[in-house]
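Thanks for coming, everyone. I have one structure to show today. Let me put it up.

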Amino acid sequence: FRSLLHIMSGIINDLRSEFNKTNNTVIKLIWINLLVFISIIVCQVIFYYGNAPQVYEWIMAQLRLPAAINSFIYKPWTLFTNFFVHEDIWHILFNLLFLYWFGNLLEEYIGGRRVAALYILGGLSGGLVFLLMFNVVPYLHAGVATVSLIGASGAIFAIIVGAATLLPDYTFFLLFLGPVRLKYIAGFYILLSVAELVGTNAGGNLAHFAGAL
């Protein structure tokens, strides 16, 4: 128990140190997403083991962005909270890896405040387009009552495309592919999202595309 307390104390001190710094916006965004994710996992375990899964679902309903306008008007804050929330380990892993790689590159050239603004604007754009399309497009409207949006993907796409716009010829060395320019990496992920606008994750890919725009 003492060892656990010692580890937790060390983590808290590290967090305090990171948030006191002024030149590490990307790291702060990563930590915020991780802390929210850990909190969600802990809540899920507590309430499911406590035979109260409905409490966990109620908490998540206050964080997810609902597609239905008549639900959204009672929870307008979800337009903001949704892009800090993840439930799946692979979802958050890839989002935070992309945020780290492309966000640090972007922060070096435009500064932390603009990276934070771009992240937030990308997330808001993804949410607004998600709401609009599910309430206007007949193909999507059929599922409007049950669909919701979570995840930072729209915000991350804004960061990726922002980096590719500023530094299109910056080269990454990718496993099995070798040197690839940033503009081609961004183009590939945009094309992939467009290709998946029809399917089970149409809402998520709408947010990707909106963040990129």
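First, the ground rules. This is a predicted model, so local features need pLDDT of at least 70, side-chain atom pairs count only at pLDDT 80 or more, and totals for chains, interfaces and linings use all residues. Residues are numbered from 1 along each chain as its sequence is written, and side-chain values use heavy atoms, with hydrogens and water left out.

Now the cores. By nonpolar core I mean buried Ala, Val, Leu, Ile, Met, Phe, Trp, Tyr and Cys residues joined through side-chain atoms within 4.5 Å. Buried is under 20% relative accessible area, exposed is over 50%, and partly exposed is in between, with a 1.4 Å probe and protein chains only. The largest core has 28 residues. Leu 99, Phe 102, Tyr 119, Ile 156, Ile 159 and Leu 182 touch the most other members. Two or more residues each come from α2, α6, α7, α9 and α10. Helices here are DSSP runs of H or I, at least four residues; strands are runs of E, at least two; both are numbered from the N terminus. α6 gives the largest share, 7 residues.

Take Leu 182. Beyond its neighbours within four places in sequence, its contacts (heavy atoms within 4.5 Å) include Phe 102, Leu 105 and Phe 172. There is also a second, separate core of 14 residues, with Leu 131 and Leu 206 among them.

Next, the helix pair. How do α2 and α7 pack? Their angle is about 40°, with the axes 9 Å apart. Axes are lines fitted to C-alpha atoms, for helices over the stretch in contact, and angles run from 0 to 180 degrees between N-to-C directions. The two helices are therefore oblique: not under 35 degrees (roughly parallel), over 145 (roughly antiparallel) or 65 to 115 (roughly perpendicular). Thr 25, Val 26, Leu 29 and Asn 33 of α2 meet residues of α7 including Val 115 and Tyr 119.

Last, salt bridges: a side-chain nitrogen of Lys or Arg within 4 Å of a carboxyl oxygen of Asp or Glu. The structure has 4. Arg 64 pairs with Glu 57 at 3.9 Å, N to O. Arg 64 also pairs with Glu 87, at 3.3 Å. Arg 64 is buried, at 17%. Glu 57 is partly exposed, at 33%, and Glu 87 is partly exposed, at 31%. Elsewhere, Arg 181 in strand β4 bridges to Asp 169 at 3.5 Å.
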